[in-house]
Amino acid sequence: MKKTTPDYKRIYTEMIMDKYPDYLPKCHTILDKNEFSVMDVIRLNKLISSGNNRNANQKYKSYDRTAIFEILDYQKKHNLNNVSVARHFNISRNTLGTWKKRFLS
């Protein structure tokens with residue numbers, strides 16, 4: 001059974017055109033990509049919700065294996081602790097600790 005993923009490019013393009021047309025120039029470089037990664041979706045969401053409530057959509061966030069490794073690589077590359085990375089990506093520091101235990105040990 002093939003796992004299907006949502007067409008994030010179409011979803012975000014339509015949402016930005018309808019609700020946030022003033023953000024289109026900021027999001028143009030990400031929207032022009034042929035394939036979206038989870039990190040691209042996170043960046044778009046961060047751009048759109050920059051002035052909104054910080055914890056508005058935390059309930060439905062999910063990360064695939066590549067996004068988790070990108071976040072952990074970012075932490076290692078920039079020599080940051082869990083708190084700094086959690087603030088940067090707007091995720092729980094406990095989630096980062098769990099990912100480190102699960103994927104790096």
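**Exercise 1. Which residues in the largest nonpolar core touch the most other members?**

Before we start, note that this is a predicted model, in which local features need pLDDT of at least 70, side-chain atom pairs count only at pLDDT 80 or more, and totals for chains, interfaces and linings use all residues. Residues are numbered from 1 along each chain as its sequence is written, and side-chain values use heavy atoms, with hydrogens and water left out.

*Solution.* 
- Step 1: A nonpolar core is a set of buried Ala, Val, Leu, Ile, Met, Phe, Trp, Tyr and Cys residues joined through side-chain atoms within 4.5 Å; buried means under 20% relative accessible area with a 1.4 Å probe, protein chains only.
- Step 2: pick out the residues. The largest core has 15 residues, and Tyr 63, Ile 71, Ile 91, Leu 96 and Trp 99 touch the most other members.
- Step 3: trace the helices. H3 (38–48), H4 (65–78), H5 (82–89) and H6 (93–104) each give two or more residues to this core, and H4 gives the most, with four residues. Helices here are DSSP runs (H or I, at least four residues), numbered from the N terminus.
- Step 4: look beyond it. Tyr 23, Cys 27, Ile 30 and Phe 36 are among the ten residues of a second, separate core.

**Exercise 2. Describe how H5 and H6 are placed against each other.**

*Solution.* 
- Step 1: compare the axes, which are lines fitted to C-alpha atoms over the stretch in contact, with angles from 0 to 180 degrees between N-to-C directions. Those of H5 and H6 come within 8 Å and cross at roughly 115°.
- Step 2: name the arrangement. H5 and H6 are therefore roughly perpendicular to each other, a label for angles of 65 to 115 degrees.
- Step 3: list the meeting residues. On H5 they are Asn 82, Val 83, Val 85 and Ala 86; on H6 they are Arg 93, Leu 96, Gly 97 and Lys 100.

Note on methods. Buried < 20%, exposed > 50% of the residue type's maximum accessible area, 1.4 Å probe, protein only. Parallel < 35°, antiparallel > 145°, perpendicular 65-115°, else oblique. Contact = heavy atoms within 4.5 Å.
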